[in-house]
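User: I would like to learn how to read strands, sheets and packed helices in a model. Could you take me through some cases, one feature at a time?

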Amino acid sequence: MKQPNIIFIMTDDHAAHAMSCYGSKINTTPNMDRIANEGMRFDNCFCTNSICAPSRAVILSGKHSHLNGVETLADNFDGRQQTFPKLLQTAGYQTAMIGKWHLGLGGNYDPTGFDYYCVLHGQGEYFNPIMKEQGIDKTFEGYATDIIGDMSIDFIKERDKSKPFLLMCHHKAPHRPWDPSEPYKDMYKDGDIPVPETFNDDYATRCDAAREATMTIESNFNYRDLKLIPPAGVNQFKMIALPDSLEGYTLTPRETGVPVSFNSYQELKNFKYQRYIKDYLRCVASVDDNIGKLLDCLKDEGIDEDTIVVYTSDQGFFLGDHGWYDKRFMYEESLRMPFVIKYPRAIKPGRISDKMILNLDFAETFLDFAGVEIPSDMQGKSFRQILEDENAPEIQTSMYYRYWMHLAHHYVWSHYGVRTKDYKLIYYYGDALGKTGAIDESKEPAWELFDLTKDTNELNNVYGNPDYAQIQEDLKKELYRLKEEAKDFE
């Protein structure tokens, strides 16, 4: 079998439960679903560090954050190190990186291993973004999702047809501040999006980390996030704090200019949720539209059968789950990544797998399909066999997670943990290991244990429950085994 083309489409902050092929009850994603229906959907794909830049570095390097050098958003990716695009390039692939890079720019931080690149600065802007193309900054007029989608199609059409290619198509959407494009700005205008089951979670059994996080729907949006007109003299980036009283209290949508009043705090919370989730889903709709155009291009070019197409996101996201937005925590909505893949020559259509794969495994899998030797210092495992054979064994039954940014953003505690098929153990180590950027170094370490067979929403922390004593002990042993295997000795 000849070397396949590889198209890796990745968004930022797109939760699996906002895709219809994963059973979303709030939106439809017909073109993402096309990939799943023509190939395979993974229901247990997880990230090893649920934050943008670190996840991207793990994907490129096939190594955990502490070894690839990107533990936090403040760390840039040293492009001199080994990456799977470099290895594919050496093996004869034409390579391109288009869209969100978010791993630093300038010097050793520009994308390397790519014959062509055009990437956003930092998070990038939704409209008229500045992008660095082959070392030169340019302003591109239009909507970022459409620009990235069109440039990706242009690359495919103008490629060197004598070579296989790797295209990394990285969308900014649906990252904060969730600015929809003109065609989708009125989508979901009529009617409300259902709130999630855990919308009013009170964190009753959880440790202080959950209660103290500042990423709540209720209190931690700013006027810019929700497209509201701030009061006179108030900056649009000021957080909208809960008022002491609702009497005379109003919020003013930017598109109408008409103040809205509220009869209860729950009504106010739901108002904020609707403002957030509708714009989020509108951004997803633009991505889905562009994926459809790209898939059609493959058929038009006659290379659909010869091309691996992946759709994923750099991590999950809270869509009002537990009353939150954002990610970072090891809870399921944040930990789980969507992952759908098609390759007609090797993957039977319509398959679904509950086998565990990680963002740590992507590089090794692409190299495996390309017939390129997987370096021994990469830490993930190829799941090619799972893709080709529905009876293939699992490549792992547990995974190691670590979030490093102690209290740096949204007041989320640093933590690490282990997830198996049935259980999850999380250790919030506070600042005990001396990570920089801490606002408060007084946090006492704490544990959480969840029985995922009985508590899929992770509402009941059973750490310390005598009924789980043996499970707790076994999970600690597995956690520290995985920690050592990952060479995370700190």
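**Reading strands and helices**

Analyst: Let us begin with strand S11 (residues 336-342), where 6 of the 7 residues are buried, so the strand is largely enclosed by the rest of the structure. Buried means under 20% relative accessible area, with exposed being over 50% and partly exposed in between (1.4 Å probe, protein chains only). Strands and helices here are DSSP runs numbered from the N terminus, a helix (H or I) having at least four residues and a strand (E) at least two. This is a predicted model, in which local features need pLDDT of at least 70 and side-chain atom pairs count only at pLDDT 80 or more, while totals for chains, interfaces and linings use all residues. Residues are numbered from 1 along each chain as its sequence is written, and side-chain values use heavy atoms, with hydrogens and water left out.

User: Which strands pair with S11?

Analyst: Strands of a sheet pair through backbone hydrogen bonds, either parallel or antiparallel. Two strands count as paired if DSSP finds at least two bridges between them. Strand S2 (residues 40-46) runs antiparallel to S11 and is joined to it by 5 bridges, with Met40 opposite Ile341. Strand S10 (residues 307-313) also pairs with S11 in the antiparallel sense, over 4 bridges, and there Thr312 stands opposite Phe339.

User: What is the order of the strands in the open sheet of 4 strands?

Analyst: The order is S14-S15-S16-S17, with antiparallel pairing. The edge strands, S14 (398-403) and S17 (446-451), each pair on one side only. Within this sheet, S15 (residues 415-420) and S16 (residues 423-428) are paired over 5 bridges, and Arg419 stands opposite Lys424 in S16.

User: How should I read two packed helices, and at what angle do H5 and H7 pack?

Analyst: Two packed helices are described by the angle between their axes and the distance between the axes. Axes are lines fitted to C-alpha atoms, for helices over the stretch in contact, and angles run from 0 to 180 degrees between N-to-C directions. Helix H5 (residues 144-158) packs against H7 at an angle of about 10°, with the axes 9 Å apart, and the two are therefore roughly parallel. Angles under 35 degrees count as roughly parallel, over 145 as roughly antiparallel, 65 to 115 as roughly perpendicular and the rest as oblique.

User: Where does H1 stand against H7, and at what angle do their axes cross?

Analyst: The axes of H1 (residues 30-38) and H7 (residues 265-301) come within 7 Å and cross at roughly 50°, which makes H1 oblique to H7.
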